[in-house]
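Trainee: I have just opened this structure and would like to learn how to read its features. Could you walk me through it?

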Amino acid sequence: MRTIKNIFNKKTLIITTALIGFCCCVYFLLGFCANHFLTAQKIENITKQQTGLDLNIEGPKISTTLGLSLAISAKNISIDASDKRLFSANNIKFRVKLLPLIYKNLSIPYIEAQNININLH
């Protein structure tokens, strides 16, 4: 009886470890795939379709972090509505938590940028 439990526990441990390893690989590959498939032009087009705002972004980079979030950075970014510039910044870096996105919530625990301009008119 004891050997059956030991065998079952070893199988469970091996399966659990393999599953966790697989999930970790998929999670870190997410950042690679995001950089490969989400080009600046695609991000700008998606933003235009979803919000109607013109997004201009230079050098976007997306990576995953250990805290289940995405780290996003760009050299220059600006957001325009018709003929008005709403927002611009240089060397922007921020993180987006992944779990709140499941519930359609956006959580940004960290943001850093230089030369920020915000027009609220």
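Trainee: Let me start with aspartate 80: is it buried or exposed?

Mentor: Buried means under 20% relative accessible area, exposed over 50%, and partly exposed in between, with a 1.4 Å probe and protein chains only. Aspartate 80 has 12% relative accessibility and counts as buried. Keep in mind that this is a predicted model, in which local features need pLDDT of at least 70 and side-chain atom pairs count only at pLDDT 80 or more, while totals for chains, interfaces and linings use all residues. Residues are numbered from 1 along each chain as its sequence is written, and side-chain values use heavy atoms, with hydrogens and water left out.

Trainee: Which side chain does aspartate 80 meet in a salt bridge?

Mentor: A salt bridge is a side-chain nitrogen of Lys or Arg within 4 Å of a carboxyl oxygen of Asp or Glu. Here the partner of aspartate 80 is arginine 85, at 2.8 Å from N to O. Arginine 85 is partly exposed, at 43% relative accessible area.

Trainee: How many salt bridges are there by this rule?

Mentor: The count is 2. Lysine 48 and aspartate 54 also form one, with their closest N and O atoms 3.0 Å apart. Lysine 48 is partly exposed at 41%, and aspartate 54 is partly exposed at 28%.

Trainee: How do the elements of the chain run from the N terminus on?

Mentor: Helices (H or I, at least four residues) and strands (E, at least two) are DSSP runs, numbered from the N terminus. This chain has 3 helices and 5 strands, in the order α-α-β-β-β-β-α-β. Of its 121 residues, 20% count as buried.

Trainee: Which residues touch the most other members of the largest nonpolar core?

Mentor: A nonpolar core is a set of buried Ala, Val, Leu, Ile, Met, Phe, Trp, Tyr and Cys residues joined through side-chain atoms within 4.5 Å. The largest one has 14 residues, and Leu70, Ile72, Ile77, Ile92 and Phe94 touch the most other members. Two or more residues of this core come from each of β1 (54-58), β3 (69-81) and β4 (84-97).

Trainee: What is phenylalanine 94 in contact with, leaving aside its neighbours within four places in sequence?

Mentor: Contact means heavy atoms within 4.5 Å. By that rule, phenylalanine 94 is in contact with Leu70, Ala71, Ile72, Ile108, Tyr110 and Ile111.

Trainee: How much space lies in the largest pocket?

Mentor: On a 1 Å grid over the protein atoms alone, a pocket is an open set of points where a 1.4 Å probe fits, with protein on both sides within 12 Å along at least five of seven lines; lining residues have an atom within 4 Å of a point. Grid points are joined across faces, edges and corners, and a volume is the space filled by probe spheres set on the points. The largest pocket holds about 830 Å³. Among its 28 lining residues, Ile43, Thr47, Ile72, Phe94 and Val96 are the closest to its centre. The largest share of the lining, 6 residues, comes from β3.

Trainee: And what about serine 69, where is it found?

Mentor: Serine 69 lies in strand β3 and counts as buried, at 5% relative accessibility. Serine 69 and leucine 98 are 29 residues apart in sequence, yet their C-alpha atoms are 5.0 Å apart in space.
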